Amino acid sequence: MEQSPKTELDDLNEALIDGWMIDHEPKVLIEKLAETCTWISAGREEILTGKKAIITYLEAMAEEKTKRPLKRGSYTVILAEAGYGLVSIECLPMRYTILWVKEGSKWQIRHLHDSLYIYGETMHERLKIAARTDTVTKLHNQQGFCDAVSELMKAHDKRYALIKFGIKDFRYINQRYGYAKGEAVLQNIGKNLQKTCEADETCGHIEKDIFAMLYRYHGKQDMARRMEEVRHKLLDKHLLYELGIEIDFIAGIYTIPKGMQEHVKDMLDKALMAQQQVSRQQIGSHYRYYEESVMRKQYQHQQLIQYAPTAMKKDEFLLYIQPQFSISCGKIVAGEALCRWKSRDGTFIPPDEFIPLFEEYGLICAFDFYMLKKLCEKMKAWMERGRIITPISINQSRLHIDKKDYIERFCKVVDHYEIPHSYIAFELTESAFVEQYEKMIRLAGELHRQGFQLAIDDFGTGFASLNLLSVVSADILKVDKSLLDSIHTKRGRTVLEKVIELAHQMEMTVICEGIEEETQLKELKELKCDIGQGYLMGRPIPAEAFEKRWIEGNEEAKG
Ligand code: C2E
Ligand code: CA
Ligand code: CA
């Protein structure tokens, strides 16, 4: 926006505010007062008239201001029209309207109007309140909220819950409708939130799109009702209609233990931690309770994630391989690479405890490449010693699928170690195929062009339809342990039988995972399953041990 040139009155207003509010020289202002000046304090019955009364008041104000210094340039002076100056002091909820008149050649103040007021408060209390009030919503700001919570908890020996919530996609409102509309939304929320509070409760606007409440706690059912009420009443219907979108919130609830001596900021932190637990994908869920055990777990997860890159550098991850056997002849025919984390204190962390975290925090892609390098290194050493079992399959996260140069990078690693592509099989879980159908079909095509084998892992755990088998040209179908576990029932056996039959018709090799019992193996043989993997025949073991036990042993058996 183009700025209009400064006028004489702009300078006058600025000099006035600088002198009065910043240099604390009421004289600057007093000198400008016309004899007939009036001060009307809006909303208050008392109207100050007469220069003397006004001067006494202004001097008291300047004194008050020395305690709360105002920074130069932190206020704006708005001139509505010639002779009329509107001054907003934004860091405090104050607004002075100054009416100038020209008497002879001199500008004089005819009228001072205090536009904002707090009924019946003394000036000292008024400034105190100002410092604790949010200028947009007129609710408590963070400091005000903390004070109000402390006071209420001191005054009432009752159970309370502290709730902190943020508006979902608030940035979108600002971007799409502008900041003025954003502020109108916040103001409206503030007004409505205030109405949800009972006499011994309070609420505040903490920052940006974050609000907090202190509600009485009468159990989860009652809280669920109140949260639903907040959700419905958050925004007036006309505003919702104007915006054309639903407004929702994500909240964290901290139920304060009775008699707990805790700083309110710590309580707000706990509510925030709970809030961060609400997953964006969880449709319908918009709040969570703070639970000590969950938070402890979350803290441990964060520690784990922070340390993971160092652990990779320190080579704390080990390559394990589990053998896979021909069900018809019992010979080892392939293997699956699996990782193990041997942490600093010597304990083994199983992959189920860190792989999902690596996926969540975006570490998985780097990690999968790290494990691929380890596998290739090992396979190269086997090849150099003239022995190998193929294919060895490697688990790959679905998060690679979106990466443009993924296959190229994968090939680069494999080619660096001169491993023939047919020696490696990709394992991608069934759910990856379901979520990103089209991309998976493309990826499968590309993998085949590069000569890799593709396995659909964990078949039977997700929502894949049998149609998947006809569309994606995978080479291997890995049937999940859960399907095998019901092989002893008639229905379970029929499902497995038909899945194996169908896969064979599609020319796929069927591997059954999680074989722990002889009877399972026997039944799988009858159903003509090709390959078996499970503790019954062999657990995952370190790659070095795998070579000794399964490759050397296999050669001896062959020889
Ligand atoms: P998965 O790909 O389904 O791997 C098979 C899991 O079944 C392995 O668990 C294996 O130890 C276990 N298993 C094998 N035979 C039996 C059995 O007879 N009974 C039972 N109860 N379990 C058996 P593990 O090694 O704990 O790995 C868990 C999962 O972690 C894997 O499931 C895979 O999804 C993931 N994972 C492991 N290593 C990697 C990796 O390097 N990258 C990625 N992205 N994921 C990995
Ligand atoms: Ca697997
Ligand atoms: Ca599996």
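Predicted model: local features only at pLDDT ≥ 70, side-chain atom pairs only at ≥ 80, totals over all residues.
Local features need pLDDT of at least 70 and side-chain atom pairs count only at pLDDT 80 or more, while totals for chains, interfaces and linings use all residues. Residues are numbered from 1 along each chain as its sequence is written, and side-chain values use heavy atoms, with hydrogens and water left out.

The protein has 21 helices and 21 strands (DSSP runs numbered from the N terminus: H or I of at least four residues for helices, E of at least two for strands). Of its 559 residues, 48% are buried, meaning under 20% relative accessible area with a 1.4 Å probe, protein chains only.

Now to helix H5, residues 142-155. Its 14 residues should span 20 Å at 1.5 Å a residue, and the end C-alpha atoms agree because they sit 20 Å apart; the expected span is 1.5 Å times one less than the number of residues. Asn-141 caps the N-terminal end, with a side-chain oxygen 3.2 Å from the backbone nitrogen of Gln-143. Buried residues of H5 include Gly-144, Phe-145 and Leu-152. The buried residues of H5 pack (heavy atoms within 4.5 Å) against these elements:

| Partner of H5 | Residues |
|---|---|
| Strand S7 | 160-167 |
| Strand S8 | 202-207 |
| Strand S9 | 210-216 |
| Helix H10 | 264-276 |

Elsewhere, strand S13 (332-342) and helix H12 (351-360) are among the elements that each supply at least two residues of the lining of the largest pocket.

Key. Chains lettered and ligands numbered in written order. Buried < 20%, exposed > 50% of the residue type's maximum accessible area, 1.4 Å probe, protein only. Polar contact = N/O pair within 3.5 Å; in protein donor to acceptor, adjacent residues only side chain to side chain.
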